[in-house]
Every structure is written in C-alpha cells, then in structure tokens.
Amino acid sequence: MEYDFLSPVDASLVQFGRQLSGQHFGSKIIMHTDSDFPNLDQINIAIIGVTENRGTGSGWAQSDLSAIRKELYSLFPGNWDLSVADLGDIIPGESVGDTYFAVRGVVAALVKRKVLPIVIGGSQDLTYAIYRAYDSLEQMVNLVAIDSKFDLGKDDDTISAGSYLSKIVLEEPNNLFNFSNLGFQTYYNSQEEIDLIEKLFFDAYRLGEISSNISLAEPVLRDADIVSVDLTSIKSSDSANNVIFTPNGFDGKEICALARYAGISDRVSVLGVFNHNSTKSEAVLIAQIVWYFIEGYHYRSNEYPFSNKEQYLKYIVPLEDHQLIFYKSNRSDRWWIEIPFISPGNNKLKRNTLLPCSYEEYLSATNQELPERWWKAQRKNILL
C-alpha cells in the first residue's frame with residue numbers, strides 16, 4: 001500500500017502531544033503511531049512530513065520537522081468542525097526519484113479519498129512529485145507558487161528546487177492548465193524567464209502588488225488545485241532564515257493571510273510548505289501558516305464545483321467584441337467570470353467553465369476593459 005511509505009510520528013512527539021491539555025491542538029490530532037494508523041474515512045486533513053532536501057543542493061541539512069510539530073501541537077485550534085491527522089514522515093529514498101515516487105503515491109491515494117494533504121518539506125522540487133500525483137486523477141491542474149522566483153532553471157538542468165517548474169511544463173503527460181506565481185521579485189528572475197511566463201499565458205504578481213493589496217491573491221488561490229509555498233519568499237527578519245538571507249519578501253502576517261485564502265478555496269486539494277531551514281523560529285511561523293490554512297478550510301463555502309445557479313446573481317457585460325458573463329454568490333459575495341467553450345476547436349477545457357475573479361475586475365469590465373486573466377484563460381484553453 002502507498003501508506004507503507006509513511007513512518008510513524010516519533011514516540012517522543014506522540015508523548016508530547018498527549019501531555020498537553022485537552023484544549024491544545026496536539027490532543028485533538030489523530031496520530032500515526034507505532035501501533036495505530038488513523039482511519040482515513042474520518043479524516044479531512046492529513047499532515048505529512050517529507051525530509052528530502054537534496055533538491056536544494058549544498059548548504060542545507062536534512063529537514064528536522066519535530067520542532068514544527070511541537071509548535072503546531074502547542075497551538076489552540078479554532079471551533080473547527082473537522083478532523084486532522086498527522087500521518088508521520090516520508091523518509092528520503094535511496095535516490096531522489098524514489099522519494100518522488102513515494103510522495104506521488106501517498107498524495108494520489110489521499111486526494112482520491114477526499115483527504116487534503118498538507119506536505120511539509122523538504123525542498124520545493126517535491127512540488128513536481130505532488131503534481132504528478134494528479135496523473136491518475138485525469139484532470140487539468142492549476143498550480144500556484146508563493147515564491148520570489150519562477151524556478152524555471154535551464155533546459156539541461158536536473159530537477160531541483162530551482163528548476164522544477166520546467167520539468168512540469170515540458171514533461172508528458174502535460175496536465176498543467178495554469179501556473180500562477182504570487183510574490184516574484186524581478187531581480188531574482190531573468191528577463192528571459194519573465195518573457196516565457198508571459199508567452200505561456202501564465203499569471204505572475206510582483207511582491208509589491210500583493211503586499212499593497214493582499215486581496216488580489218484570493219481569486220488566484222481560489223482557482224488552484226495545488227499551492228506550493230517557498231519559505232524563502234518570506235523576508236528573513238520574519239522567517240529567521242539563516243541559510244538564504246532575503247531582505248525583502250512577505251511578512252508573517254501576509255503569508256498567513258495567503259495561507260487562509262488557500263484554505264478557504266473549495267478547489268485547493270494539496271498544500272505544500274517547502275525549503276524549511278530547520279530553525280526553531282521558522283518552525284513557529286510554519287506552524288502558524290498551517291494553522292491559518294486549516295482555519296480557512298473550516299470556513300469553506302462549498303461553492304466549487306459550480307452547480308445550483310439559483311444561488312448566484314448573473315451579470316452580462318457587453319464589450320465591443322465580447323459578451324462577458326459574471327456570477328456573484330449570494331452566500332459569500334465572491335465573483336466568477338465565465339470562460340466559454342469554443343467550438344469547433346481543440347480545447348483543453350471541454351465545456352464552459354468559471355474563472356474566479358474579483359469585484360474590481362467586474363467593475364473594469366463595465367468600463368470596457370477586458371480582464372487580463374480572462375483573456376489568458378481563453379488563450380490557454382485553445383491548444384495551439
């Protein structure tokens with residue numbers, strides 16, 4: 001079975017959790033122990049550690065996730081109506097490919113059972129293994145990376161934390177419909193990489209854009225299947241990253257807000273948190289990122305997939321060459337824009353679909369401005 005790749009939570013951590021009060025998170029998490037494996041039929045979210053760090057190159061020790069678990073167990077949960085399990089760790093295989101195989105199998109098995117994995121690594125190239133887990137699910141995938149870099153690398157690069165996206169884009173089967181980056185910093189990315197992101201009709205938002213208006217990220221994360229967080233996108237003064245110093249980046253409040261947006265998305269089915277430098281200070285922040293994601297999950301409104309249109313207000317906006325159709329939820333006040341099916345044609349999407357958007361994008365459309373994300377989605381829908 002795929003779950004054989006999972007080693008139990010260390011006995012000292014199990015004991016630590018049991019010694020906490022009944023109000024702490026650690027006393028409520030169902031743990032994979034030496035003698036017991038959680039009944040996944042009763043689990044909503046599963047925490048998985050992956051200590052594989054070879055994708056980062058030299059200078060990074062193998063991840064120690066015990067400090068993260070202690071910090072997470074020590075937090076107090078909200079009034080959450082859900083069950084969380086800690087399934088333990090995937091230990092690095094003899095080769096990095098062996099680790100990818102294990103991650104792929106475990107994530108695919110959990111997603112098929114409607115259990116949402118939170119994967120704590122480990123190097124960010126594990127995002128590739130998570131993406132490949134969707135091969136057996138036979139669906140197009142939207143990937144969002146919270147990262148200061150695009151991680152495209154060079155064509156001849158072996159897969160690593162700095163080049164995994166090239167592998168995802170180029171390798172068959174290609175199940176990637178869209179990639180979005182939140183928080184890239186221009187001086188860390190070559191103009192060639194920036195041009196390629198634009199040529200592929202992917203979405204990229206500079207750090208300053210998101211920091212000045214964090215709500216820009218909500219529709220992007222609402223449309224994601226996989227969210228991959230690179231901890232080096234957080235400025236070192238907040239993350240205490242002593243391996244790679246980053247003077248600029250998201251602060252602790254912003255990264256937790258993004259995690260909550262990801263959790264509240266009905267579509268997100270995997271969260272990955274990567275490039276942990278094994279310091280205690282960063283462990284505190286990671287625990288809070290996970291906490292806010294779970295908090296968001298609790299408040300999901302179950303508006304995806306879009307079903308009963310009676311719960312939505314429909315707005316038709318005529319433009320010179322297009323007619324845009326928007327929907328607003330009566331329940332959450334969130335907005336979507338329709339991407340029409342183009343026939344005849346060779347389309348990635350086989351029917352009309354809805355793209356999450358913001359109220360501001362609706363207002364721009366009423367001023368005869370075509371939403372850029374809608375236009376890019378249209379272009380990606382047609383296989384050239």
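Val 270, Gly 272 and Phe 274 point one way from strand 10, while Leu 271 and Val 273 point the other way, and all are buried (buried means under 20% relative accessible area, exposed over 50%, and partly exposed in between, with a 1.4 Å probe and protein chains only). This is a predicted model, in which local features need pLDDT of at least 70 and side-chain atom pairs count only at pLDDT 80 or more, whereas totals for chains, interfaces and linings use all residues. Residues are numbered from 1 along each chain as its sequence is written, and side-chain values use heavy atoms, with hydrogens and water left out.

**Strand 10 and its partners**

- Strand 10 covers residues 270-274 and is mostly covered, since 5 of its 5 residues are buried; strands (E, at least two residues) and helices (H or I, at least four) are DSSP runs, numbered from the N terminus.
- Strand 5 (residues 116-121) pairs with strand 10 in the parallel sense over 3 bridges, where two strands pair if DSSP finds at least two bridges between them.
- In this pairing, Ile 118 stands opposite Leu 271 of strand 10.
- Strand 9 (residues 226-230) also runs parallel to strand 10 and is joined to it by 5 bridges, and Ser 228 has Gly 272 in strand 10 as its bridge partner.

- An open sheet is formed by 4 strands in the order 11-12-13-14, with antiparallel pairing.
- Strand 11 (312-318) and strand 14 (353-357) stand at the edges with a single partner strand each, so one side of each is left without a neighbour in the sheet.
- From one strand to the next, the twist averages 30 degrees.
- Strand 11 pairs with strand 12 (residues 323-329) in the antiparallel sense over 7 bridges, and Lys 314 stands opposite Tyr 327 in strand 12.

**Helix 1 against helix 2**

- Helix 1 (residues 11-19) and helix 2 (residues 66-73) pack at an angle of about 15 degrees, with their axes 10 Å apart; axes are lines fitted to C-alpha atoms, for helices over the stretch in contact, and angles run from 0 to 180 degrees between N-to-C directions.
- The two helices are therefore roughly parallel to each other (angles under 35 degrees count as roughly parallel, over 145 as roughly antiparallel, 65 to 115 as roughly perpendicular and the rest as oblique).
- Leu 13, Phe 16 and Gly 17 in helix 1 meet Ser 66, Arg 69, Lys 70 and Tyr 73 in helix 2, where contact means heavy atoms within 4.5 Å.
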